[in-house]
Amino acid sequence: MAQFIAPAEGLTSLTAAELAEKIHSRELTSREVTQAFLDRIGETNDELNAFLHVGAEEALAAADAVDKALDAGEEPVSALAGVPLALKDLLVTTDAPTTAASKMLEGWVSPYDATLVTKLREAGIPILGKTNLDEFAMGSSNENSAFGPAHNPYDTERTPGGSGGGTAAALASGQAPLGIGTDTGGSIRQPAALTNTVGVKPTYGTVSRYGLIAAASSLDQAGPTARTVLDTALLHEIIAGHDSFDATSVDKPVAPVVAAAKEGAKGDLTGVKIGLIKQFERDGWQPGVMEAYHEAVEQLKSQGAETVEVDCPHFDDALAAYYLIMPCEVSSNLARFDGMRYGLRVGDDGSHSAEEVMSLSRAAGFGPEVKRRIMLGTYALSVGYYDAYYLQAQRVRTLIAQDFERAFEQADVLVSPTTPTTAFKLGEKVEDPMAMYNFDLCTLPLNLAGLCGMSVPSGLASDSNLPTGLQIMAPAFKDDRLYKVGAAYEAGRK
């Protein structure tokens, strides 16, 4: 039976910025705050399945360390010190299992922390636990998790989005005030849109991928999620920055996203040019979603923004290009899960050859969608097909990046709906991979071009009473533009 799990009241309904202020002024302790969220997880996780692992002992120990330092008169080590967080179970941790929601890694504990996790620990942020996702981040509904799907707090019979549905559901239900997701083709922004939360995909290379289990290395990007734009900005500044352990990390200053969010909160967008993407005005998309989008555009104009239509003709080919490039990189990256070095091993009884153990382990450890993408990628990379498929897809990728370049010559940011529809029912599309893939039409182009994007809540759709999201896109390394426009739009909706 469908349930609506309303956001919690009281302490767990406060924003991360409000909680940080109360912790740092000693009105509250980090332990009190962390325990309140752990209690909320205990109350609601049976219905939501948002967390795959809860690390209560570790989270409270981290909270106590913050309290001890503050009680001793030390300055907070970060703007969010003491405020707890939900971590997508795709980033490796030494004190909790990292499963990628796959039987292949069930129970596996990493010998090292991801760089992003190290930054969180150094910032004094207690990690509540690891959240649910589509297996190895492959999916749009969280239904590909080997441990069952997460559920949307607005209707527990519906998806919270994917792949990072667990983090989004945790934020929306008051299980956590902050979250970390990863975005390969929309896995932060799409769940944010379906759960009335904020999610940001930073510019590729600005947040370390070291210790992030790779699906598609040229597309994957970790990013911040929260319930407000300012909270997301505060987390963004903590996790961003160059990392020598990550060969794709860019050595550039972190964009001033917190300052931009605070400036945007004043609500004035005078002088800002906003591009409306011609290809995302489509017949057949849910009317309530398009109505919310058009209302959002009108609001932005009322706040002083100027709008212009931009033409991005190759966006129509983004889906096909993505679902060639992504599986090709998956085929390469997941070759390491072979049943020999770590993770699941099947058939290791002395009666099977090494090749047979590998085959049995991969057959038992990977789910249907992961197998589908491995086979697609392996086929496309094979002799005789590499030029026809993979190289052609890479050419389309270049054309999409050029479309963005031309669009940003006319506009400071681009906007669109984040998703074509609101949350669909669990099971509704699971037997139709193409319908599932089409759900990411709006978010895919950004990943192919390596740019930055945000989904910010745009109200409930009039025809479903479910959340919608406004997607904001900006050029590479101009992440602060997302926060200025997002915070202004958020302020205007209040």
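These legends go with a set of close-up views of a predicted model.

The model is a prediction, so to speak a computed picture, in which local features need pLDDT of at least 70 and side-chain atom pairs count only at pLDDT 80 or more, while totals for chains, interfaces and linings use all residues. Residues are numbered from 1 along each chain as its sequence is written, and side-chain values use heavy atoms, with hydrogens and water left out.

**View 1. The largest pocket and its lining.** A pocket here is an open set of points on a 1 Å grid over the protein atoms alone, with protein on both sides within 12 Å along at least five of seven lines, and lining residues have an atom within 4 Å of a point. The space in this one comes to about 350 Å³, where a volume is the space filled by probe spheres set on the points, and grid points are joined across faces, edges and corners. Look for Asn 196, Arg 227, Thr 228, Pro 457 and Glu 490, which lie nearest the centre among the 16 lining residues. At least two lining residues come from each of α5 (165–172), β10 (452–460) and α16 (479–493); these labels are DSSP runs numbered from the N terminus, with helices being H or I of at least four residues and strands E of at least two. Sorted by class, the lining has six nonpolar, six polar and four charged residues. In that sorting, Ala, Val, Leu, Ile, Met, Phe, Trp, Tyr, Cys and Pro are nonpolar, Asp, Glu, Lys and Arg are charged, and the others, Gly among them, are polar.

**View 2. Thr 12 and its contacts.** Find Thr 12 in the segment before α1 (16–24). Thr 12 counts as buried because its relative accessibility is 7%, and buried means under 20% relative accessible area (1.4 Å probe, protein chains only). Skipping neighbours within four places in sequence, Thr 12 is in contact with Ala 36, Phe 37, Gly 174 and Arg 227; contact means heavy atoms within 4.5 Å. Arg 227 also turned up in View 1, lining the largest pocket.

**View 3. Where α10 meets α12.** The axes of α10 (residues 318–333) and α12 (residues 368–380) come within 7 Å and cross at roughly 100 degrees. Those axes are lines fitted to C-alpha atoms, for helices over the stretch in contact, with angles from 0 to 180 degrees between N-to-C directions. The two helices are therefore roughly perpendicular to each other, a label that covers 65 to 115 degrees. On the α10 side, the meeting residues include Tyr 323, Leu 324 and Met 326; on the α12 side, they include Arg 373, Ile 374 and Leu 376. This contact divides into nine nonpolar, three polar and one charged.

**View 4. The largest cavity.** A cavity is a set of grid points where a 1.4 Å probe fits but cannot get out. This one holds about 70 Å³ of space, and 13 residues line it, with Gly 139, Gly 185, Ser 187, Tyr 322 and Asp 440 nearest its centre. Helix α10 gives the largest share of the lining, three residues.

**View 5. The second largest cavity.** Its volume is about 60 Å³. Among the residues lining this cavity are Gly 164, Thr 167, Ser 187 and Thr 225. The largest share, three residues, comes from α5, and the lining has five nonpolar, six polar and no charged residues.

Terms used. Angles under 35 degrees count as roughly parallel, over 145 as roughly antiparallel, 65 to 115 as roughly perpendicular and the rest as oblique. Buried means under 20% relative accessible area, exposed over 50%, partly exposed in between (1.4 Å probe, protein chains only).
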